[in-house]
Structures are given as structure tokens and as C-alpha cells.
Amino acid sequence: MSHVSHLRCVECGREYRPTEVRYTCPACGITGILDVLYDYDAAKKELNHMSLAANKERSHWRYLPLLPLTGRQFIQNLQVGWTPVYKANRVEAELGLKHLYIKDDGRNPTASFKDRASSLSVSKALESGAKAIACASTGNAASSCAGFAAAAGLPCYIFVPKFAPEGKIAQLLMFGAKVMVVDGDYEATFRLSQQAIEHWGWYNRNAAINPIPVEGKKTCGLEIAEQFQGNPPDYVFMSVGDGCSIAGTYKGLKEMHLLGLSQHVPKMIGVQAAGAQPLKLAWERNQPWRPTGADTFADSIAVGVPRNPTKALNAIRESGGRFVAVSDEEIASAMRLLPRLSGVFAEPAAAAAFAGLIQCVNSGIVRSTDRCLVVVTGNGLKDSASAIRVAGAPKLIPPDLDAVRAVVE
Ligand SMILES: *Cc1c(COP(=O)(O)O)cnc(C)c1O
């Protein structure tokens, strides 16, 4: 049974019954993104210390009582969520920190955080009888939507901008999605997807329109609270493009606190690329956000017109966190450092969160005794071209020992 009680518009606060609207607030239009709210007292009966301790499910479906599905019959059996948290000892030593953790969401079925949202969206599409699912994405939402649609046998239409890295495009093709590579930026791609979705009536997986994907993303926050036995870190670092991921994670952390399963709610640190930082600027100036360029090689956060600004800004403000912006050089340097010191390989946008941590350590925002968690939102193999570029391509040697000696010695 779903414990969804109502949907509430993040702009005007109007409330709707769960069956009344599907996507955005009818009064506010496209910017009226809805929040899914639950009967938390009812959810508590199924989701508590005892039930969690007894729950053997090692995926994010262990939180089903706090997800907007009526049952299990439309869930795909790909293992999503419950990603590992590592204590990063060698990174701690390098940065002078005592408590640094990495949550590796690159371990999801299609190798990114987006699987949390896509798994739930595909299930919801099936539950609502949709004949196809569609989304616009800088890459990861698309490849994950395609993967879960493939598992479900649901036709999938994907719109990606032409800068999407090859690894992500390869995933789309292999999962058998119908792929539209749009000759334009993410903004143009998003608008085209909206038109097509309306025209053909596909299920809309865009997390900035549909409140369901953000519910999937919140499982990251539910997991963090549980994996830290109800005492989550002081700071959670995540990179921010549209803002859905950090907003979702924050909602999960808050709900665990609400259910009495977490002692406090961490401060959320949103990391944007310096070349695409509309939300960081809005937060800093305490003004409404304005569109910016989208100039960064971290494709997953190359977003100049964020689609979920209010939810993201609320997460930062309410939690007492902050936004920071990191340059492409800082991202490249973080991309090199993290795998070398932890064995976790992050794609550029995921490494950006780590770059944000480094910046906060250097500027004194984070102190050595603070407990910090960096969410690695996507695996580095997603964009191997960027990795090789920032690492420097290996040297070709002739097949003789002297050449090896020159390298070794
Ligand atoms: C989508 C994505 C983000 C940012 O999420 P938003 O909801 O757009 O803010 C960060 N990192 C990776 C790897 C992503 O795929």
C-alpha cells in the first residue's frame, strides 16, 4: 500500500490528492513542481528500527513504505541502490580530515545515481498503464531510463544534447531506446522532449516535471541515514545541475529524521561548475535565479537553466548548507586525485562534488574534525575520453626491457 497523502506545490503551496494531478501544479504551470507527502504515522508502522533491522533486501526497495507505489508487481529485478559507503582513509590523510566517507552510486545497474529515479519512474509508468516512457537528459537519466525500460519491455524515447559523452550514448543504443540526439544545448533538448511527450502522450520521466523521480532519488538520503546508524555526517556534498538529485537526497534525510530514524539532518553542500552556476549565484546574492551559460566539460551538470531550482535552493537553505562553484581545472584535479587515493573512479560531474569538498577544506568552511560524505553520482567509465584527457594518454613503448627500465627507473 502506498502511504502518499497528498502532493504540494513548491511554489504556491496548494495541495492536491494523489490522483488529482500527475505532473505540475495546474495553477502555477510548468514551474509548479510538486512534492510528494506521506502519512508518516502510517509509514512509521512499516518503516522503523525493528523492520529495517529484519529487512534483508539490499536495494532501495527496502524503503517501499515510503515510496509512491501501490505494490511490488511492477518493480524490475535490477539491483538499484543500497550502494556502499567507504571510509576514505588515504583521502583523509591527503586533505587533513578525520572523517571522510564516499558513497559510490556509480555502482548502480547503469552506473549512475539516476537509476534510483528511473527504476521508480518505469515502475510508476507501468502501474499507470503507460505505453511508453520518455525523457530529456544530459546523458545519465537517459541511459538509466533506457536500462530499466529494457528490463520492463517498455518502449523508451530519449532526447540528448549532442555533447553527451559516447559511453552514455552507447548505453542508450545497447538498451534499445529510440534515441534523438538533438543539435542544440540541454535547454533546447528539454523543450523538444516536452513537446513530443505532450504530443504522443508518453510517460514523462523528466525529474523536473514529474515528482516521482525525485522520490526515487530520495532513497539516497534514506540510505545515508540508515548506513550511518541514525547519526549521519555533518555535511553531504553533491554536484548540482537541475537540482533534483540534491533535493531528493535532502528529502530522504529529512524523512528519516521525521520518522525518528535519524538524530539530525546534515547540511547539504551543492557543488556547481563555475561555468554553469545559476543556483550558486542566486543563493549567494539571495536573489531569484537567472539563466547562465553552461560552460563545463562536466556534462551531467552543464545546466544553465535549472529545472528544479526551488527544491534545490530549499534543500540548501533549510539544511543550513551552502553552494560552492568549482572550475574545470578543480574538477580535473579532483578527477585525478579521487581514484588514486580511493579506488573509486568518478565521472567529471561526480568528481565535481569531491572538488567542492577540497575547496571547502582549503577555505576553512570544513574543519578537520567535521564528518563529511561525498556522493559519487556517476562512474568514470561513462566518460572515458575526459578521463584520458585529464590524466594524460599513456606512452607507447617498443617491446623491449630497456624501454620498461626507462619508465620504471
Ligand atoms: C544528473 C547528475 C547530477 C546532477 O543532478 P541534478 O538533479 O541535475 O542536479 C550530478 N552528477 C551526475 C553524475 C548526474 O548524472
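Which residue in β3 does H6 stand opposite? H6 stands opposite L37.

1. Basis. This is a predicted model, in which local features need pLDDT of at least 70 and side-chain atom pairs count only at pLDDT 80 or more, while totals for chains, interfaces and linings use all residues. Residues are numbered from 1 along each chain as its sequence is written, and side-chain values use heavy atoms, with hydrogens and water left out.

2. Antiparallel sheet. An open sheet is formed by 3 strands in the order β2-β1-β3, with antiparallel pairing (strands are DSSP runs of E of at least two residues, helices runs of H or I of at least four, both numbered from the N terminus; two strands pair if DSSP finds at least two bridges between them). The edges are β2 (15–16) and β3 (34–38), each with a single partner strand, so one side of each lacks a neighbour in the sheet. Strand β1 (residues 4–9) pairs with β3 in the antiparallel sense over 5 bridges.

3. Parallel sheet. Another open sheet has 4 strands in the order β8-β7-β6-β9, and here the pairing is parallel. At its edges stand β8 (178–182) and β9 (203–204), each with a single partner strand, so one side of each is left without a neighbour in the sheet. Strand β7 (residues 156–161) and β8 pair in the parallel sense over 5 bridges; the bridge partner of P161 in β8 is V182.

4. Helix α5 (residues 140–152) lies across β6 (133–136) and β7, running at about 165° to β7 (axes are lines fitted to C-alpha atoms, for helices over the stretch in contact, and angles run from 0 to 180 degrees between N-to-C directions). Helix α7 (residues 186–200) also packs on the sheet; α7 touches β6, β7, β8 and β9, and its direction makes about 155° with that of β7. Contact means heavy atoms within 4.5 Å.

5. α11 and α12. Helix α11 (residues 278–285) packs against helix α12 (residues 309–319) at an angle of about 50°, the axes being 11 Å apart. The two are therefore oblique to each other (under 35 degrees counts as roughly parallel, over 145 as roughly antiparallel, 65 to 115 as roughly perpendicular, the rest as oblique). L279, A282 and W283 in α11 meet P309, A312, L313, I316 and R317 in α12. By class, this contact has 7 nonpolar, no polar and 1 charged residues (Ala, Val, Leu, Ile, Met, Phe, Trp, Tyr, Cys and Pro count as nonpolar, Asp, Glu, Lys and Arg as charged, and the others, Gly among them, as polar).

6. α13 and α14. Helix α13 (residues 328–342) and helix α14 (residues 348–362) pack at about 95°, with axes 8 Å apart. That makes α13 roughly perpendicular to α14. Residues in the contact include I331 and L338 of α13 and F354 and I358 of α14. The class count is 11 nonpolar, 1 polar and 1 charged.

7. Salt bridges. The structure holds 23 salt bridges (a side-chain nitrogen of Lys or Arg within 4 Å of a carboxyl oxygen of Asp or Glu). One of them joins the side chains of D299 and K168 (2.8 Å, N to O). D299 lies in the loop between α11 and α12 and K168 in helix α6 (residues 166–174), so the pair ties together parts that are 131 residues apart in sequence.

8. Q227. This residue is found in helix α9 (residues 219–227). The C-alpha atoms of Q227 and V85 are separated by 7.6 Å, although the two residues are 142 residues apart along the chain. Leaving aside neighbours within four places in sequence, Q227 is in contact with W82, T83, V85 and K103.
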